[in-house]
Amino acid sequence: MTGSLRTGTRIGELSAEERAVYATLRPEHLPQHVAIIMDGNGRWAGSHSFKRFLGHQQGAKSVQQVTETASRIDLPWLTLYAFSIENKLRRPRAEVSFLMRLLKAYLESNLQRMMDNNVRIRYIGRTHELPPDVQEKMSWAADATAKNTGTTLTLALNYGGRAEIVDSFRALAAEMQQKQIPFDQVSEADIHRHLYTAHMPDPDLLIRTSGEMRLSNFLPWQTAYTEIFVTERLWPDFRGIHLLEAIADFQGRERRYGGLGKNSGAVDEETECAPVVVS
Ligand code: FPP
């Protein structure tokens, strides 16, 4: 999606390297919403002969760096896949417990920086299934940043895309029953209205680090027309400059939404009565 010129940019706060990449961008065509699958923490740790938890710890630093760059370019929506339902079910208990403690520590130690950068923190996912002390810290950070007006950083926690669609259907079914709406009147807009992301635009750009070519159950409904950018870089090595490079690549794409584009070939009126040959 393209949109209005950002008014709250703080380009002067970008690093010299970031500014050089930003200078190549068309500010009026910045994405409104960037979503990121942060992958490769474990491999990063392995490549440095570290234990896996150090990869996650380093990954948390990337979260803050990328969020601050997003806020400096006044990106309205940044959504990060921080912890999936599958992570909770399939990772060793010790790793899940470390990730929960890391999240709490991250929120606590970065709150002031979020305030300084005018970042609003929100969450999507079945967050009510997370440990109570984690939920408490999450609410604390969300409440403290609720009035900020810059980038909304949404952390997907205990998130699964199919679970989100199930939750949306359940909420919609309850509404239909209550309002006596016939099922054949259900529209895409009705389903969308009950998604966790109903309040935000769909992502324009989805970045995945560490080279895997998968969506991994992240925002399957919302990414129907999203441009996908996969980088070999592992998440703990990902920085703001790499976000800007991904946006530069995005700006070179032609988004057609099922329609025709610049190089789609000529169409003329004769098409309507042209003979159809299937051989
Ligand atoms: C994938 O790495 C990443 C995760 C499972 C979790 C993402 C968590 C962070 C970036 C750290 C903390 C986040 C916040 C918001 C404080 P992986 O373990 O799957 O890596 P691998 O595929 O190389 O093993």
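Residues are numbered from 1 along each chain as its sequence is written. The model is a predicted one, in which local features need pLDDT of at least 70, side-chain atom pairs count only at pLDDT 80 or more, and totals for chains, interfaces and linings use all residues.

The protein contains 9 helices and 6 strands. Its radius of gyration is 21 Å, close to the 19 Å that the globule rule gives for 279 residues, so the protein is as compact as a globular protein of that length. The radius is taken over C-alpha atoms, and the globule rule is 2.2 Å times the number of residues to the power 0.38. Along the principal axes, the C-alpha trace spans about 65 × 55 × 40 Å.

Burial is judged by counting neighbours: a residue is buried if 20 or more other C-beta atoms lie within 10 Å of its own, exposed if 12 or fewer do, and partly exposed in between, with C-beta atoms placed from the backbone. By this count, 36% of the 279 residues are buried. Two residues are in contact if their C-beta atoms, placed from the backbone, lie within 7 Å. Among contacts between residues at least 6 apart in sequence, 79% join residues at least 24 apart.

The strands may be approached through β2. In strand β2 (residues 77–84), 8 of the 8 residues are buried, so this strand is largely enclosed by the rest of the structure. Two strands pair if DSSP finds at least two bridges between them. Strand β1 (residues 33–37) pairs with β2 in the parallel sense over 5 bridges, and V34 stands opposite L78 in β2. Strand β4 (residues 152–159) also runs parallel to β2, joined to it by 7 bridges; here F83 stands opposite L157 in β4.

A residue is near a molecule if its C-beta atom, placed from the backbone, lies within 6 Å of it. Of the 18 residues around the ligand, N41, G42, R43, G59 and Y106 come nearest. The elements that give two or more residues to this shell are α2 (41–47), α3 (52–72), β2 and α5 (93–116). Helix α3 gives the most, with 4 residues.

The buried residues of α7 are G161, E164 and S168. They cover an arc of only 55° around the axis, which puts them on the same side of α7; the arc is that of the directions from the helix axis to the C-beta atoms. What covers these buried residues includes α8 (188–193). The face turned away from the buried side carries the exposed residues R162, V166, R170, A174 and Q177. Just after α7, Q180 takes a positive phi of about 55°.

N118 lies in the loop between α5 and β3 (120–124), and its phi is near 60°, a positive value in a residue other than glycine. N118 is partly exposed, with 16 other C-beta atoms within 10 Å. S210, in the loop between β5 (205–208) and β6 (227–230), has a phi near 75°, again positive in a residue other than glycine. With 21 C-beta neighbours inside 10 Å, S210 counts as buried.
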